[in-house]
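Please read it alongside the sequence and the coordinates.

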2 protein chains.
Amino acid sequence: MKDVILGIDIGGTNTKFGFIDRDGIILTQGELPTTEGETVHDFLRILYSEVQNKFKKIEDEAKVIGVGVGAPNGNFYTGTIENAPNLKWHGSVPLVELLQSYFKLPVYLTNDANAAAIGEMIYGGAKNMRNFVVVTLGTGLGSGIVVNGELVYGHDGNAGELGHTLVNVKGSGRVCGCGRRGCLETYVSATGIKRTVYKFLADYTDYSELRGVSFNDLTAEMITQAAKRGDKIAIDCFEYTGKVLGMKLADTVAHLSPEAIFLFGGLVRAEEFLFDPVRYHLEKNLLSIFKGKVKILPSGLGLNNTAVMGAAALAWKELERVPVA
Amino acid sequence: MKDVILGIDIGGTNTKFGFIDRDGIILTQGELPTTEGETVHDFLRILYSEVQNKFKKIEDEAKVIGVGVGAPNGNFYTGTIENAPNLKWHGSVPLVELLQSYFKLPVYLTNDANAAAIGEMIYGGAKNMRNFVVVTLGTGLGSGIVVNGELVYGHDGNAGELGHTLVNVKGSGRVCGCGRRGCLETYVSATGIKRTVYKFLADYTDYSELRGVSFNDLTAEMITQAAKRGDKIAIDCFEYTGKVLGMKLADTVAHLSPEAIFLFGGLVRAEEFLFDPVRYHLEKNLLSIFKGKVKILPSGLGLNNTAVMGAAALAWKELERVPVA
C-alpha cells in the first residue's frame with residue numbers, strides 16, 4: 001500500500017481533485033463544478049461522493065493519509081475561506097472543519113498561490129531552494145513566498161499579496177477590483193494584459209488582429225498567439241506587462257533576496273515575449289548587490305493539474321513537519 | 001558566574017562594545033574610533049586589548065560565551081563585511097574568522113539593521129512576535145525582517161534592503177548613493193529629510209528657522225526641534241517623509257503581513273510628527289484585509305546602546321538555536 005494525499009483545488013468555476021503520491025504521481029483524479037449544490041454543505045456532500053467513487057479505483061493500492069486544499073482566500077491559520085469574491089459561499093466558511101467531518105483525516109487549507117509555491121518546493125523547480133517566490137498570473141496576480149524553507153503566512157495568514165502592491169504610489173493608475181487604484185494586478189495578469197491591449201489599440205494606429213475582438217471575447221491566449229504570429233500590438237503589450245512586473249519585482253528582491261522567482265499560469269505560455277522584458281527590467285532596477293543573482297523561471301510544475309498538486313504538496317509538507325509519535 | 005555575550009557595533013565613526021546578559025543588562029561597556037589602526041588587523045588588535053581591559057572589571061562574575069557583531073554590510077552567511085562604503089577597510093573583510101582567532105568563541109555577524117531586529121525580538125518590543133519588521137532611520141534607511149520567528153537573510157544574506165525599494169518606478173526621483181534614482185532612503189532617512197527641507201525651502205516662501213542653516217550644518221535633530229517649536233516647513237517635511245514611508249510600507253505589508261513595524265533611530269525623536277503621517281498613509285494605502293491590523297511602533301530598545309544590544313542578541317539567538325550536546 002502506498003501513502004497518498006487527496007489534493008483539492010477549489011476554483012471559481014471548477015473544483016478538481018486527485019490522489020497524489022510523494023513523487024507527484026497522480027493515481028486518479030476527478031472534477032466537478034464548484035457551483036454544484038445550494039450551499040457549501042451540499043457541495044461538500046457531492047464532492048465527498050465523487051471522491052469516494054474515484055478512490056474505489058485505487059483502494060487496493062493506496063492509503064489516504066491527509067487532505068490538502070487550495071482555495072481563493074483560503075487561510076492556513078484559521079482553516080476558513082474568507083469572503084472569496086469568486087465563490088458563491090459568502091462570509092467565513094470553516095472548510096477545514098467541514099472536510100474533517102467527512103474524511104476523518106488531517107486537512108490543510110491555503111490559498112491557490114501559496115499552494116503553488118509549496119507545489120514548486122515539493123514537486124517542481126524549487127526542490128533545493130529555501131528562498132524563492134512564486135507569482136501566479138491568472139485572472140489576478142497571486143503570490144506565494146518561501147523564506148528559510150517555510151511559506152510566509154504573516155501574522156494573520158494573509159501575506160503574499162504582491163498583486164496589490166502599488167505600481168503608482170500617487171493614488172492614480174488603473175482601478176482595481178479591491179477598490180484602490182494602481183495595483184500591480186491591474187497591469188500584470190490575464191485581465192491586466194487585456195486592459196493594456198485596449199489601451200494600446202486606443203493609443204496607436206498599428207494594424208493588429210486584436211482590433212476585431214471585443215473586450216469580453218479577448219483572452220490572454222489570443223494575445224499570446226497574436227504575439228507569436230508577430231502582431232506588434234500584442235508583442236508591445238507583453239513588453240509593457242513584463243516591464244511593469246520586472247520593475248515591481250525589484251522591490252520584492254530588495255525585501256527578500258530570493259534565489260528565484262517562478263512565473264506560473266497561462267500567461268507563461270507567451271515564453272520569451274513575457275520572460276525577456278521581465279528579466280531585463282528586473283535587472284535594470286536591482287540594487288547592484290542583487291544584480292545577476294535572481295533567476296526568473298517558468299514554474300517547474302508544468303501547466304496541467306498544478307493547483308491540485310500544490311494542494312497535495314501542502315499536506316505532504318505539513319505531515320512531514322511533525323513526525324508521527 | 002553569569003553567562004554574557006560580547007556585543008560589538010562597528011559604525012562608520014565609532015565602534016562600541018558591551019558585555020550583556022540574557023536579560024539585556026549591560027555589565028560594562030567601551031568605545032573606540034573605528035578609524036584606529038592602519039589595517040583591519042591593527043584595529044582588531046586594539047579592539048581586543050580594550051575589550052580585555054574592560055572585561056577585567058567583571059571577570060569574577062561573568063563568563064563570555066559568544067560574540068555578536070553588527071556592522072555595515074555584514075553578511076551573516078559568509079561572516080564577511082563586503083565593500084562597506086562607510087568603512088576604510090575595502091573589499092571583503094573576513095571579520096568572523098579574524099575575531100574567532102582572538103576570542104576562541106562562536107562569533108556571529110550581521111548588518112546593523114538585522115541586529116536591531118534581533119535586538120527587538122530578544123530585548124525589545126517584539127518579544128512575543130514572530131512576524132515583524134524593523135526600519136532603522138539613520139544616514140540611510142536600513143531594515144531587518146523577521147518571518148516565522150527567524151530573520152530573513154535571503155538566499156545570499158542580503159535581504160532587507162527596504163531603503164532601496166523604489167518610490168518612483170519610472171527611473172526618476174532623487175539620485176541615490178547606490179547609483180540609481182528614486183530609492184526610498186533618498187526621501188526617508190536623516191539625509192532624506194534634509195533634502196526635503198531644502199526642496200521645501202525652495203518651493204515655498206514660509207518663514208522657517210531652518211533658512212539660516214547650511215545644508216552641511218543641518219541635522220535631523222535640528223529639524224525635529226524646529227517642528228516641536230511649530231516651524232511649518234519642518235512640520236511639513238516630517239509630514240512628507242511620513243507619507244512616503246507609509247505609502248511604501250503598504251507594499252511591505254502586502255509581501256509579509258507583519259504584526260508590527262518598528263521605527264528605530266534618531267528621526268524617531270520627532271514622535272507624532274513622524275508617526276502620525278506614517279500611520280495615516282500606511283492605512284490609506286493598505287488592501288482592506290490588512291487595514292487596522294499593523295502596528296507602527298517606536299523601537300522598544302530605546303535610543304541608547306541599541307546597536308550593541310542588537311549585536312549581542314544575534315549571538316544569544318544563534319547560541320540558543322542549537323542546544324549544546
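Lys317(A) is buried, with a relative accessible area of 16%, where buried means under 20% relative accessible area, exposed over 50% and partly exposed in between (1.4 Å probe, protein chains only). The model is a predicted one, in which local features need pLDDT of at least 70 and side-chain atom pairs count only at pLDDT 80 or more, while totals for chains, interfaces and linings use all residues. Residues are numbered from 1 along each chain as its sequence is written, chains are lettered from A and ligands numbered from 1 in the order in which they are written, and side-chain values use heavy atoms, with hydrogens and water left out.

**Salt bridges within chain A**

- Over all chains, a search of the whole structure finds 24 salt bridges, each defined as a side-chain nitrogen of Lys or Arg within 4 Å of a carboxyl oxygen of Asp or Glu.
- Lys317(A) is paired in this way with Glu150(A), and the closest N and O atoms of the two are 3.7 Å apart.
- Because Glu150(A) lies in strand β11 (residues 150–151) of chain A and Lys317(A) in helix α8 (residues 306–321) of chain A, the pair ties together parts that are 167 residues apart in sequence; helices (H or I, at least four residues) and strands (E, at least two) are DSSP runs, numbered from the N terminus.
- Glu150(A), at a relative accessible area of 24%, is partly exposed, whereas Lys317(A) is buried.
- A salt bridge also joins Asp251(A) to Lys248(A), with 3.7 Å between the closest N and O atoms, and both residues lie in helix α6 (residues 232–256) of chain A, three residues apart, about one turn of the helix.
- Asp251(A) is buried with a relative accessible area of 2%, and Lys248(A) also counts as buried, at 4% relative accessibility.

**Pairs and contacts between the chains**

- A network of salt bridges links Lys248(A), Asp251(A), Lys248(B) and Asp251(B).
- Asp156(B) and Lys293(A) meet through their side chains in a salt bridge of 2.8 Å, N to O, and this pair crosses between chains, from the loop between β10 (150–151) and α4 (190–203) of chain B to the loop between α7 (272–285) and β13 (295–298) of chain A.
- Asp156(B) is buried, its relative accessible area being 12%, while Lys293(A), at 33%, is partly exposed.
- In chain A, Asp156(A) is found in the loop between β11 and α4 (190–203) and is buried, with a relative accessible area of 13%.
- The side chain of Asp156(A) makes a polar contact with the side chain of Ser257(B) at 2.5 Å and another with the side chain of Lys293(B) at 2.8 Å; a polar contact is a pair of N or O atoms within 3.5 Å, and within protein one must be able to donate a hydrogen and the other to accept it, with residues adjacent in sequence counting only if both atoms are side-chain atoms.

**Surface positions**

- Lys243(B) lies in helix α6 (residues 232–256) of chain B and counts as partly exposed at 35% relative accessibility.
- His90(A) is placed in the loop between β6 (80–82) and β7 (92–93) of chain A, and at 69% relative accessibility this residue counts as exposed.
- From His90(A) to Val167(A) the separation is 77 residues in sequence and 30 Å in space, C-alpha to C-alpha.
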